[in-house]
Amino acid sequence: MQIDRILAPVTTLGPGRRAVLWTVGCPHGCAGCSNPELWRPDPSHELPTAVAAWQVESLFRACRGLDGITITGGDPLAQPVALLSLLARLRPLTDDILVYTGYTLDAATRDPDRAACLPLIDVLIDGPYVEALNDGKPLKGSSNQTIHFFRNRERYQEALACERAMQPFIGQSGAVMAGIPAKGFRGSFIERLEVCGLRAKLETEPKKSEEGTQYGEQMDP
């Protein structure tokens with residue numbers, strides 16, 4: 001499966017302390033997307049699902065209190081066969097797997113490979129991102145998107161009552177922000193960096209590296 005990064009503990013993409021995977025490849029091309037560098041499929045990010053699951057399992061051992069997994073991207077359902085394999089391997093780690101997708105639930109249900117993934121997902125947030133409908137509500141990028149609770153509705157109530165937040169991670173390749181950004185966040189963030197004398201490296205294509213996929217983690221002290 002093509003995966004760009006795996007981070008933990010993330011507290012801004014679902015309730016609790018989570019391991020989050022960002023996949024590579026998205027056919028939707030939503031204007032204002034916070035991760036356009038993950039749109040184009042990139043074979044250099046190919047990772048066996050067994051290795052990805054082992055990485056997540058290692059984070060569960062290393063980071064105290066991890067209790068959920070979020071898979072975003074990119075679009076995880078753009079790689080449905082690999083996603084099904086990954087979900088099956090992650091399922092023993094937690095009873096809370098949240099997946100973001102630009103496909104609607106109806107469209108996913110009509111595709112046999114994508115439909116096969118749904119029973120292993122606890123919460124699905126579906127639909128394309130629409131910049132004009134970014135209303136600042138938690139968990140969703142824009143108001144046209146729907147949160148489908150297949151399980152665990154009660155667990156998400158506190159997260160749905162909180163304000164959005166962005167969480168920084170620092171790794172070998174630079175800083176990464178995890179969370180649902182406000183409308184115009186990307187531009188305002190770049191302006192703040194420039195005020196501080198820093199320069200943002202904006203990528204509109206997937207990162208290419210001889211080393212392949214890069215991982216980051218924020219460990220407990």
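P128 touches C30, G102, S142, N144 and Q145, not counting residues up to four places away in sequence, where contact means heavy atoms within 4.5 Å. The structure is a predicted model, in which local features need pLDDT of at least 70 and side-chain atom pairs count only at pLDDT 80 or more, while totals for chains, interfaces and linings use all residues. Residues are numbered from 1 along each chain as its sequence is written, and side-chain values use heavy atoms, with hydrogens and water left out.

P128 sits in the loop between β5 and β6; helices (H or I, at least four residues) and strands (E, at least two) are DSSP runs, numbered from the N terminus. With a relative accessible area of 32%, P128 is partly exposed. On this scale buried means under 20% relative accessible area, exposed over 50%, and partly exposed in between (1.4 Å probe, protein chains only). P128 and H28 are 100 residues apart in sequence, yet their C-alpha atoms are 7.0 Å apart in space.

The loop between β5 (123-126) and β6 (146-149) also holds N134. N134 is buried, at a relative accessible area of 8%. Its side chain makes a polar contact of 3.0 Å with the side chain of Y129. A polar contact is a pair of N or O atoms within 3.5 Å; within protein, one must be able to donate a hydrogen and the other to accept it, and residues adjacent in sequence count only if both atoms are side-chain atoms. Beyond four places in sequence, N134 is in contact with Y129, G141, S142, R164, P181, A182 and K183.

The next topic is the nonpolar interior. In soluble globular proteins, nonpolar side chains tend to be buried together. A nonpolar core is a set of buried Ala, Val, Leu, Ile, Met, Phe, Trp, Tyr and Cys residues joined through side-chain atoms within 4.5 Å. The largest one here has 30 residues, and L21, V56, I69, I71, L86 and L90 have the most contacts inside it. Two or more residues each come from β1 (3-10), β2 (17-23), α1 (49-62), β3 (66-72), α2 (80-90), β4 (97-100) and α3 (105-110). Helix α1 gives the largest share, five residues.

A second, separate core has 20 residues, among them V10, V20, V24 and V176.

A53 lies in helix α1 and counts as buried, at 8% relative accessibility. Leaving aside neighbours within four places, A53 is in contact with L86, R89 and L90.

C162 belongs to the loop between α5 (157-161) and β7 and is partly exposed, with a relative accessible area of 39%. C162 and P138 are 24 residues apart in sequence and 6.6 Å apart in space, C-alpha to C-alpha.

Q167 is placed in strand β7 (residues 166-171) and counts as buried, at 10% relative accessibility. A polar atom of the Q167 side chain lies 2.8 Å from the backbone nitrogen of T11.
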